[in-house]
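This briefing covers selected local features of one chain.

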Amino acid sequence: MVSARAVRPGVDGLLAASRARFVRVTPEEAYDEVTRSGAVLVDTRNAGQRAADGTVPGALVVERNHLEWRFDPAGEARLPEATGYDVRVIVLCDEGYASSLAAASLLDLGLPRATDVVGGFQAWRAAGLPVVPTGSGTTASASEGGTGSAAHSG
């Protein structure tokens with residue numbers, strides 16, 4: 001008989017399975033794709049993390065609990081950046097863990113070009129890439145408001 005523990009992969013197994021589905025990008029590769037190829041960089045960090053560490057200029061802020069609704073090209077709560085299923089979405093979280101799960105969720109949604117940033121915002125900042133200090137208010141936010149209802153946001 002197989003034990004219940006043996007059939008549960010745990011979070012590490014889930015993370016590994018998620019990451020096996022796509023090619024992750026370095027912060028430098030993400031920056032290049034955003035600036036040269038028009039990829040959409042999506043910062044899924046919560047407000048407290050953004051307030052503490054700053055933001056990435058030009059990144060679209062969509063907190064994690066809104067992501068699928070905002071990027072479903074067929075959904076009523078989609079963002080203008082959700083132009084179709086072929087859009088290149090690069091997800092950025094704080095350290096590159098939650099973003100891997102988020103990218104896998106976007107794959108499940110039908111966005112085959114979704115990926116995430118290895119090391120997240122912390123690696124982005126450590127690489128010397130552009131960061132807007134806390135309080136400057138220059139990053140676009142799509143987490144609140146928009147066309148989605150609260151029932152579709154959580």
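Helices are DSSP runs of H or I with at least four residues, strands are runs of E with at least two, and both are numbered from the N terminus. The model is predicted. In these terms, Val87 falls in the loop that runs between α5 (67-71) and β3 (89-92).

**Val87 and its surroundings**

- Val87 has a relative accessibility of 11%, and because buried means under 20%, Val87 counts as buried.
- Apart from neighbours within four places in sequence, the residues in contact with Val87 are Val40, Glu81, Leu111 and Arg113.
- One of these, Leu111, is 24 residues from Val87 along the chain, and the two C-alpha atoms are 7.0 Å apart.

**The aromatic pair**

- One aromatic pair is present in the structure.
- It is formed by Tyr31 and Trp124, whose ring centres are 6.1 Å apart; the planes meet at 70°, and since planes over 60 degrees apart count as edge-to-face, this pair is edge-to-face.
- Tyr31 belongs to helix α3 (residues 27-37) and Trp124 to helix α7 (residues 120-126), so the pair links distant parts of the chain, 93 residues apart.
- Tyr31 counts as partly exposed, with a relative accessibility of 33%.
- Trp124 counts as buried, with a relative accessibility of 2%.

**A charge over a ring**

- Arg45 is placed over the face of Phe121, at 3.9 Å from the ring centre.

Note on methods
Residues numbered from 1 in each chain as written. Predicted model: local features only at pLDDT ≥ 70, side-chain atom pairs only at ≥ 80, totals over all residues. Heavy atoms only, no water. Buried < 20%, exposed > 50% of the residue type's maximum accessible area, 1.4 Å probe, protein only. Contact = heavy atoms within 4.5 Å. Phe/Tyr/Trp six-rings, centres within 6.5 Å; stacked < 30°, edge-to-face > 60°. Lys NZ or Arg CZ within 6 Å of the ring centre and 35° of its normal.
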